[in-house]
Amino acid sequence: MPEFQRARSPEQVEARREAILDAAEELMTESSVGEVSMRELARRVGLSASNVARYFPTREAVYLEVLDRARGAWLDSLTLDGDLSEVAATLARSLATRPVLCELISVLANVLERNVSTEIARDYKLRSAKHNARTADLLHAALPALSAETAQELSSAIFMLTAGMWPLAHPNEAVQEAVKDPRLAGSRLDFEDRLRRLIVVLTLGYQDVRRRIGQ
């Protein structure tokens with residue numbers, strides 16, 4: 001392992017943080033987040049585990065940052081146009097093609113938030129709220145019939161649907177083999193198609209509720 005040299009300038013610190021995040025994301029192509037260790041992450045980036053901890057105190061803190069970065073990149077690339085069916089299709093397709101983002105969303109509550117300090121958790125939650133507001137702004141602009149409040153609710157719902165459906169649509173090899181049984185055809189989940197349809201259903205439902213209560 002190369003001799004550790006402390007990053008001194010802000011640019012050097014940021015470059016080293018990005019290198020750690022890049023290595024963490026690369027490891028996700030080889031194993032699940034829960035199987036990645038700080039030692040393996042450190043080895044991949046060419047540092048000791050204690051040196052990685054200078055930047056991120058735990059594995060979970062690393063992956064919260066990867067999630068935040070991935071969510072920001074998704075929003076940077078997202079353009080919503082057309083009617084409700086087109087907006088829903090774009091959202092579902094854009095998420096389905098970003099497995100790192102979706103996997104991290106799916107393990108947020110039961111893995112990533114379990115071994116971090118209050119300060120790190122608060123910082124992540126505040127940035128997540130900004131991402132949610134940004135998603136809501138895109139939804140409200142594309143679907144002006146939605147109120148700003150409803151767009152916020154829909155944005156949160158899309159996040160929660162992704163968290164729940166991604167692991168169901170991407171089971172382990174044993175489950176993949178099991179659901180080939182014709183009797184289990186209903187257990188097979190197409191993430192993109194189901195998310196698209198649920199976004200449409202939720203949006204129409206929100207609009208109907210608003211009309212019924214006069215808001």
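Reply: The axes of H4 and H8 come within 11 Å and cross at roughly 15°, where an axis is a line fitted to C-alpha atoms, over the stretch in contact for helices, and the angle, from 0 to 180 degrees, is taken between N-to-C directions. H4 and H8 therefore count as roughly parallel to each other (under 35 degrees; over 145 is roughly antiparallel, 65 to 115 roughly perpendicular, and the rest oblique). The model is a predicted one, in which local features need pLDDT of at least 70, side-chain atom pairs count only at pLDDT 80 or more, and totals for chains, interfaces and linings use all residues. Residues are numbered from 1 along each chain as its sequence is written, and side-chain values use heavy atoms, leaving out hydrogens and water.

In handedness, H4 passes H8 in a left-handed crossing (the near helix turned anticlockwise from the far one by less than a right angle; clockwise is right-handed). H4, which spans 59-77, also packs against H6, with the two axes 9 Å apart and an angle of about 130°; H4 and H6 are therefore oblique to each other, and here too the crossing that H4 makes is left-handed. H8, residues 118-142, meets H9 with axes that come within 8 Å and cross at roughly 120°, so H8 and H9 are likewise oblique, but H8 passes H9 in a right-handed crossing.

These four helices, H4, H6, H8 and H9, each supply at least two residues to the lining of the largest cavity. The count comes to 1 cavity of 30 Å³ or more, and the largest has a volume of about 80 Å³. On a 1 Å grid over the protein atoms alone, a cavity is a set of points where a 1.4 Å probe fits but cannot get out, a pocket is an open set with protein on both sides within 12 Å along at least five of seven lines, and lining residues have an atom within 4 Å of a point; points join across faces, edges and corners, and a volume is the space filled by probe spheres set on them.

The residues around the largest cavity are Arg71, Trp74, Leu95, Leu101, Ile105, Asn132, Thr135, Ser155, Ile158, Phe159 and Thr162. H9 gives the most to this lining, with 4 residues, and the lining as a whole divides into 6 nonpolar, 4 polar and 1 charged (Ala, Val, Leu, Ile, Met, Phe, Trp, Tyr, Cys and Pro are nonpolar, Asp, Glu, Lys and Arg charged, and the others, Gly among them, polar).

The largest pocket has a volume of about 320 Å³. Helix H6 (99-106) and helix H9 (148-169) are the elements that give two or more residues to its lining, and H6 gives the most, with 4 residues. Because domain 1 (7-55) and domain 2 (59-211) both contribute lining residues, the pocket lies between them, the domain bounds coming from an automatic or database assignment.

As for the setting, the protein has 11 helices and 0 strands (DSSP runs numbered from the N terminus: H or I of at least four residues for helices, E of at least two for strands), and its C-alpha atoms fill a box of roughly 65 × 45 × 30 Å along the principal axes.
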